[in-house]
Amino acid sequence: DKYLAIPNKKAYPQMDNYQLTLQFYHTLSSSPQAFANMLEAPIARTDGEERAALQTMQDIARQIPINSKMETLIKALKTTFSHLKSRKETQKAIIFVDNLTTISTLADLLSSEKYEVIKHTDEDALNRFRNDKNIQILITNDAMAKGLDIEYCPVVINYDLLYNAVEMEQRICRCHRQGQQSDVLVIN
């Protein structure tokens, strides 16, 4: 709130407080790491009170290695994979996020939790996810997921929610399509 109260912000000269607030909350809701990274450029182009306020926000965000959203994701994955294993179904999940920093953050976090994770950052990632039975989780964003056919994956996790319900449905339809061998579980 302190930062938003500063008049004539040099870091965001074209944005009003409403747009800036939405951008801040949207990025922060993805991950504290994404928010901290987002503040790099604005900090570099400001000075004085404005720079100090942005730097304080960034410092606080960097002090949060794991937030409750990440903890909830881990619990959901443990429960889901346990259920899939008991039913002898494929233990694979695709996680949709909005921010590239969050992709890396989640990949590191889930790897530390002993999950086999792949980031959808190149074309080979999808083939590896499809063919390697050990890879359990594919983390991607909507831009990289255009046109994906992953009917072999029974779990869709919308880690970052979208405002557009049609786009949310498109994420689900990546898995819920002809050829799917089981029910598709969607976790928001």
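# Briefing on a predicted single-chain model

The backbone oxygen of Pro-42 lies 3.1 Å from a polar atom of the Thr-46 side chain, a polar contact being a pair of N or O atoms within 3.5 Å in which, within protein, one must be able to donate a hydrogen and the other to accept it, and in which residues adjacent in sequence count only if both atoms are side-chain atoms. The model is predicted, so local features need pLDDT of at least 70 and side-chain atom pairs count only at pLDDT 80 or more, while totals for chains, interfaces and linings use all residues. Residues are numbered from 1 along each chain as its sequence is written, and side-chain values use heavy atoms, with hydrogens and water left out.

**Overall architecture**

- The chain holds ten helices and five strands; helices (H or I, at least four residues) and strands (E, at least two) are DSSP runs, numbered from the N terminus.
- Along the principal axes, the C-alpha atoms of the chain fill a box of roughly 60 × 30 × 25 Å.
- Of the 188 residues in the chain, 46% are buried, where buried means under 20% relative accessible area, exposed over 50%, and partly exposed in between (1.4 Å probe, protein chains only).
- Among contacts between residues at least 6 apart in sequence, 66% join residues at least 24 apart; contact means heavy atoms within 4.5 Å.

**Nonpolar cores**

- The largest nonpolar core has 23 residues, and those with the most contacts inside it are Leu-77, Ile-95, Leu-106, Leu-110, Ile-137 and Ile-139.
- At least two residues of this core come from each of α6 (68-86), β1 (93-97), α7 (100-112), β3 (137-141) and β4 (155-158), and α6 gives the most, with seven residues.
- A nonpolar core is here a set of buried Ala, Val, Leu, Ile, Met, Phe, Trp, Tyr and Cys residues joined through side-chain atoms within 4.5 Å.
- Not counting residues up to four places away in sequence, Leu-77 touches Ala-93, Ile-95, Leu-110, Tyr-115, Ile-137 and Ile-157.
- Another core, of 15 residues, lies apart from the largest one, with Tyr-3, Met-38, Leu-54 and Ala-61 among its members.
- In soluble globular proteins, nonpolar side chains tend to be buried together.

**The largest pocket**

- About 380 Å³ of space lies in the largest pocket; grid points are joined across faces, edges and corners, and a volume is the space filled by probe spheres set on the points.
- On a 1 Å grid over the protein atoms alone, a pocket is an open set of points where a 1.4 Å probe fits, with protein on both sides within 12 Å along at least five of seven lines, and lining residues have an atom within 4 Å of a point.
- The lining comprises 15 residues, of which Asp-1, Tyr-3, Phe-24, Phe-35 and Met-57 lie nearest the pocket centre.
- Two or more lining residues come from each of α1 (2-5), α2 (17-30) and α5 (48-62), and α5 provides the largest share, five residues.
- By class, the lining has eleven nonpolar, two polar and two charged residues; Ala, Val, Leu, Ile, Met, Phe, Trp, Tyr, Cys and Pro count as nonpolar, Asp, Glu, Lys and Arg as charged, and the others, Gly among them, as polar.
- Met-57 lies in helix α5 and touches Tyr-3, Phe-24, Phe-35 and Leu-39, not counting residues up to four places away in sequence.
- The C-alpha atoms of Met-57 and Arg-128, 71 residues apart along the chain, are separated by 38 Å.

**Individual buried residues**

- Thr-46 is placed in the loop between α4 (40-44) and α5 and is buried, with a relative accessible area of 5%.
- Leaving aside neighbours within four places in sequence, Thr-46 is in contact with Lys-10, Ala-11, Arg-51 and Leu-54.
- Ala-36, in helix α3 (residues 32-38), counts as buried at 2% relative accessibility.
- Beyond residues up to four places away in sequence, Ala-36 touches Gln-58, Ala-61 and Arg-62.
- Asn-141 lies in strand β3 and counts as buried at 9% relative accessibility.
- Apart from residues up to four places away in sequence, Asn-141 touches Phe-96, Val-97, Asp-98, Leu-100 and Ile-103.

**Positive phi in exposed loop residues**

- Asn-8, in the loop between α1 and α2, has a phi near 50°, a positive value in a residue other than glycine, and is exposed, with a relative accessible area of 74%.
- Lys-88, in the loop between α6 and β1, has a positive phi of about 60° although it is not a glycine, and counts as exposed at 76% relative accessibility.
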